[in-house]
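Dear colleague,

I am passing on the structure we discussed, placed just below, and after it you will find my notes on what turned up. Please read them with the model open beside you.

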Amino acid sequence: MNIHEYQAKELLQKHNVPIQQGIPVFSIEEARKAASQLEQDGASLFIVKAQIHAGGRGKGKTIKSGVKGVVLAHSVEEVTKTAEALLGDTLVTIQTGPAGKKIERLYVTKGVDIEKEFYAGITLDRTRNQNVFMVSTEGGVEIEKVAAETPEKIVKEWIEPGMTLHPHQARRLAFALGLSGDVYKKAVQFIQSLYQAFEASDATIVEINPAVVTKDGQFLALDAKMNFDDNALYRQKDIAALRDETEEDPLELEAGKYGLNYIKLDGNVGCMVNGAGLAMATMDIIKLAGGEPANFLDVGGGANVDTVRNGFRIILQDPNVKAILINIFGGIVRCDRVANGIIEAVKDPEILKKLDKTPIIVRLQGTNAEEGKALIDQSGLDVISAVLLKEAAEEVNKALSS
């Protein structure tokens, strides 16, 4: 689960991570009041940030007004005008794609006098099965670019499972940033507090880009990104309440209600699979057949009538789907039971109407695969069965060519 920048900063502040002062707003009038409040607190410079679940806001632009997603303002009036231009418009960044995302909330912050920018991030290093804390002197730029072009500028400390970040590790990270004196001490505390926030919140990613040293010697989080483990939200109810469903794909939300793992893609072949690994392999098969996957859909271990029917319902809401490939491995669930589920689902009048002439290719392998194929072949429905992945790929190719 993702949250907005202002929400991440509020959460980090609870764990004593220093942040710049800011106020979230949802209207033009609220933006004006927020800027006035910050001005009374001594602000003479303001930053207005669009709040969407996507990076690259500072470089992205809105469709109607052409305003960037992060704007520097020098007065309350400028903040108000910027809010008027941003709210309700659609921001397009490198991460949103051409469709962009609608701006429904802003974050008005106090401007700071920056001396130096850094990067700090924490995530799970799956190659070592350990959390890794990363810092870099190259803050304020895309960390992916730094990793690709100058990887030596990213310094890492790995944390043993069941243990926390040790003080000596925090000191090494702060020293790697070239800091000394009082700022060095503040950076060490910042790093320790940031890791505490990561652990306590069941986060999967915490990213501060940039963290800054100000002219008056403060070490602050100027931006913040946090993602969380969905499987841990049952014990993080306060964090779960921060979810903004307007930022999520409606089909993905609907699929979640049925217990389906669905991610919409831009292709023309819908796929329904049991198991994430098999789903990835199925998408490769689709590409090899000359198509493009329209979605990732994992129906899990219990592919019954209801899950298959709901899977069809989700897939068929995408108008780009020209064929559907169902790829099931019968391990936990028997293939003949899955075949019956597919037959019953396809007979559903609502599904049948939406299917129209969309070809359906079903590949069953594993327990009772032959029985499942026989049921599909004898059903009288316009469903093509396959046993091998190669056969499924060939049928997908034929379906797209016809």
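Beyond its neighbours within four places in sequence, Gln169 is in contact with Glu157, Trp158, Ile159 and Thr164. Please keep in mind that this is a predicted model. Gln169 belongs to helix α5, which covers residues 167-176, and it counts as buried because its relative accessibility is 6%, where the cut-off is under 20%. A polar atom of the Gln169 side chain also lies 2.9 Å from the backbone nitrogen of His166. As for Trp158, one of the contacts of Gln169, Arg128 lies over the face of Trp158, at 3.9 Å from the ring centre.

Turning to the aromatic residues, the whole structure holds 4 aromatic pairs. In one of them, Phe118 and Phe219, the ring centres are 6.0 Å apart and the planes are at 15°, so the pair is stacked. This pair links distant parts of the chain, with Phe118 in strand β8 (residues 114-125) and Phe219 in strand β12 (residues 219-221), 101 residues apart. Phe118 is buried at 2% relative accessibility, as is Phe219 at 4%, and ring pairs join Phe118, Phe190 and Phe219 into a cluster.

Definitions and conventions
Residues are numbered from 1 along each chain as its sequence is written. This is a predicted model: local features need pLDDT of at least 70, side-chain atom pairs count only at pLDDT 80 or more; totals for chains, interfaces and linings use all residues. Side-chain values use heavy atoms; hydrogens and water are left out. Helices (H or I, at least four residues) and strands (E, at least two) are DSSP runs, numbered from the N terminus. Buried means under 20% relative accessible area, exposed over 50%, partly exposed in between (1.4 Å probe, protein chains only). A polar contact is a pair of N or O atoms within 3.5 Å; within protein, one must be able to donate a hydrogen and the other to accept it, and residues adjacent in sequence count only if both atoms are side-chain atoms. Contact means heavy atoms within 4.5 Å. Rings of Phe, Tyr and Trp (its six-membered ring) pair if their centres lie within 6.5 Å; planes under 30 degrees apart count as stacked, over 60 as edge-to-face and the rest as tilted. A charge sits over a ring if NZ of Lys or CZ of Arg is within 6 Å of the ring centre and within 35 degrees of the ring normal.
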